[in-house]
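Reader: I've got a model open and I'd like to learn how to read helix packing. Can you walk me through it?

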Amino acid sequence: MIVLKKMNNQKLIKAIEKYFVNTYHRQEIAAKKAAGSFIEDVEGNLYLDWLCNYSAAAAGHCHPKIIKAIKEQAGTMDAVSNVVYHTGLQVAEKIVDFCGYKTQQGKVLFMNSGSEAVEAAIKIARITAYTGKGIARNKAEIISAKNSFHGRTPGAIALSGDSIYKNFEPHLPGFRQIPFGDSEALKKAINKNTCAAVLEPIQAEGGVNIPPSGYLRECREICKNAEILFILDEIQTGFGRTGAKFCWQHENAQPDLMLGGKFAGGNQIPVSFVVGPKDIIDIIPSGLHGSTYGANPLGCAIIKAVIEVFEEEKLDQQAKKTGEYLLKKLEEEIGDSPLVKEIRGKGLLIGIELSAKAKKARKYTEELLQKEHLLVKERGDKVIALTPQLNIQRDLVNKGIEKIKKVLGK
Ligand SMILES: Cc1ncc(COP(=O)(O)O)c(C=O)c1O
């Protein structure tokens, strides 16, 4: 008789940790499968996933249409290098249109991870400073927001200015941070060397911080008047997460450059991009920017399928509707809990801010996972973020609420 050895989370994690550089504060489960709203661990336990790979699994895990596109493309053409054109690049038009830049002769620059899109935007802002605005060499400054998150590469951490990165100093110079949500602070910070402002429309990693209504529109106007680039990092807020295709659309505050990522790669491979009007984005001469895998055929096929899924399933509308329901229900069920200070959100980007008397958020996210089998992520010490798949079924929304109520309710 063959006896199958049952895998065990702890044993497997121990074996992995021996050779694997772990730069994350991981929870103690080892996944082996994922589909829709669920992750299954090696012991066969199912977890409701309301993290969705930091919003990247916006249509749920392993969406059939995305899997189909991958299978077809993988068997037809792999990367043929950026020395030649390939048929997949036709998706550029679709992306430009999807992002709202078609009428302005928009163009798209492909990268891989979100951080790389951020790095590309920094380069575009700087080259614009010297070749377009006549700012003195070495003096270009980019304004960003305190408490922001734009990735972990050197440019991205310099942009965020967070002191947790102090052991990587000296940081890339030329960045100045201002308080988030305060458009007057942006106005005051602009000087003759400023070439751009880079903002997240909502600070997701920073604790689901939603700026006052009108903020993006005001920043848009301030940048326009000062003739500096207004750049929005929609890597987490894009593709319907906040109940609009892109978050700037809530206020019609179209940026000069917009950064996308996460769901762009269908939660399968890294695909990111910078998009904007041709006059602005087309400034980098050949040879000064690129990536071996950027704009590869598989990535192009995936983003095409992602846009089709988005449009067929109206993910933005689903996020709006379900987000409003979830926010209201959470308010009813745990709004008066002594552990909860505030519940806020836009679309399906929702944050539960814990009260001063509550313990650190990590304690509750561990409890939610271990006891309730709900995967969510703390953002800082006081906020638990909820980012379920945008097309989540109502019964699973209710299930998640019940789980949260058990841990955070009265
Ligand atoms: C707003 C924002 N920008 C940039 C990034 C970095 O993306 P990546 O992890 O793909 O480099 C993230 C990732 O969470 C993000 O939330």
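Author: Let's start with a pair: helix 11 and helix 12 are oblique to each other, where oblique is what is left after under 35 degrees (roughly parallel), over 145 (roughly antiparallel) and 65 to 115 (roughly perpendicular). Helices here are DSSP runs of H or I with at least four residues, numbered from the N terminus. This is a predicted model, where local features need pLDDT of at least 70, side-chain atom pairs count only at pLDDT 80 or more, and totals for chains, interfaces and linings use all residues. Residues are numbered from 1 along each chain as its sequence is written.

Reader: At what angle do helix 11 and helix 12 pack?

Author: Axes are lines fitted to C-alpha atoms over the stretch in contact, and angles run from 0 to 180 degrees between N-to-C directions. Helix 11 (residues 361-370) and helix 12 (residues 394-408) pack at about 130°, axes 10 Å apart. Y364, E367 and L368 of helix 11 touch K403, V407 and L408 of helix 12, contact meaning C-beta atoms, placed from the backbone, within 7 Å.

Reader: How do helix 2 and helix 9 cross?

Author: Helix 2 (residues 64-74) and helix 9 (residues 297-313) have axes that come within 9 Å and cross at roughly 155°. That makes helix 2 roughly antiparallel to helix 9.

Definitions and conventions:
Helix = DSSP H or I, 4+ residues; strand = E, 2+ residues; numbered from the N terminus. Contact = placed C-beta atoms within 7 Å.
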